[in-house]
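Subject: Structure handover

Hello,

Please find the structure we spoke about below. My notes on it come after.

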Amino acid sequence: MTTAADINNPYGAVLLIAAACVFTADVTVLRYLSPEVPFALIIFARSLSQLVIVALWIAVQNPVLYRSARWARLVLRGVTSLVCWWLYYASFQTLELGLASTLTFTSSLFVVAMAPFVLGERIDAKRAVTTIVGFAGVLIASGVSGFTVEAGVLLGLGSAFAAALLIFQNRVLARSEHTATIMFWIGLVATFGTLPGAVTGWTTLTLHDALLLLVAGTLGTVGMLFTVEAYRFGEVSALATFPYVRILFALAVGYFLFDEIASWREILGVVVIVVCGFAAHEYQRGPKRFGRKSL
């Protein structure tokens, strides 16, 4: 467990910035895959990578962490993660990196919106307005015209909604489960959940595509581990702004590698979402001990 004496916010900030860089690299690498690689195989590779990496980690640290008496909750957590990953990677395949990255931060807004129904928390007028304005930022950034919404935006919002559900699930699981146990079961459930699609849609991979899937899967897992470690040693309130650095990374990569230039509407929407997401961030705060915090 992390004690007050172990708190190291600068170290946590460095890890979160590194995680933002790694997550951006993850989705960037996948853009270089051949079009023939089935989407189900991408998610399967991501899941299998996490399963193998975390399984090896547990084998070295403490094999007892493979097991849990609350396996049913862990399976549900794994299914939610699978849905979240599926929507997340699908949104990055259809949207520009900057917009897709920005939509991930609407999870904070979904947490506030669902808190009265899931946790019985009361939402005051200020937080309600913040949430509404935040979602208005999504409309601005995505360039919604009339009642037409781009499919990629819906995928991104769906991923953020699933991520919000994960936050509520984490509040329950973190009381009794170790981070490694949660991550192992996520990898296990997601791997078996994507296996049928990977098998039925299997195609012979070139060495180039196989290496890209391996690199992307490893990057995604490392990004999660960096994030977990960041909150193990840093305070949530002190680290709240650093995950948003990912938007800057995404905009830079999109511009220099893919000739993606953000419009004024996207930039304005990003600002609105970030400000409102930061204001809503307090709903994700838990106890000041983060030894078991997980994504």
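Predicted model: local features only at pLDDT ≥ 70, side-chain atom pairs only at ≥ 80, totals over all residues.

Residues are numbered from 1 along each chain as its sequence is written, and side-chain values use heavy atoms, with hydrogens and water left out.

Helices here are DSSP runs (H or I, at least four residues), numbered from the N terminus. Axes are lines fitted to C-alpha atoms over the stretch in contact, and angles run from 0 to 180 degrees between N-to-C directions.

Helix α2 (residues 39-61) and helix α9 (residues 207-233) have axes that come within 8 Å and cross at roughly 55 degrees. The two helices are therefore oblique to each other (the class left after under 35 degrees for roughly parallel, over 145 for roughly antiparallel and 65 to 115 for roughly perpendicular). On the α2 side the contact (heavy atoms within 4.5 Å) includes Leu41, Ala45, Ile53 and Trp57, and on the α9 side it includes Leu213, Gly217 and Met224. By class, the residues of this contact are eight nonpolar, six polar and one charged. Ala, Val, Leu, Ile, Met, Phe, Trp, Tyr, Cys and Pro count as nonpolar, Asp, Glu, Lys and Arg as charged, and the others, Gly among them, as polar.

α2 also packs on helix α8 (residues 179-200), at an angle of about 150 degrees and with the axes 8 Å apart. This crossing is left-handed. Among the residues that meet are Phe44, Leu48, Leu51 and Ile58 in α2, and Phe184, Leu188, Thr191 and Leu195 in α8. The contact of α2 with α8 has 18 nonpolar, six polar and no charged residues.

Cores

A nonpolar core is a set of buried Ala, Val, Leu, Ile, Met, Phe, Trp, Tyr and Cys residues joined through side-chain atoms within 4.5 Å. Buried means under 20% relative accessible area, exposed over 50% and partly exposed in between (1.4 Å probe, protein chains only). The largest core has 60 residues, and Tyr89 and Leu213 have the most contacts inside it. Its largest share, ten residues, comes from α2. Leu213 touches Leu30, Leu33, Val37, Leu41, Ile42, Ala45 and Leu205, leaving out residues up to four places away in sequence.

The axes of helix α4 (residues 97-104) and α11 come within 8 Å and cross at roughly 165 degrees. That makes α4 roughly antiparallel to α11, and their crossing is right-handed. Val253 lies in helix α11 (residues 245-258). Beyond neighbours within four places in sequence, Val253 is in contact with Thr24, Thr28, Leu97 and Phe258.

Helix α5 (residues 107-118) has several buried residues, among them Ser107, Phe110, Val111 and Met114. Ser107 counts as buried because its relative accessibility is 10%. Not counting residues up to four places away in sequence, Ser107 touches Ala160, Ala163 and Ala164. After α5 comes Gly120, with a positive phi near 70 degrees.

Regards

Key: Left-handed = near helix turned anticlockwise from the far one by under 90°.
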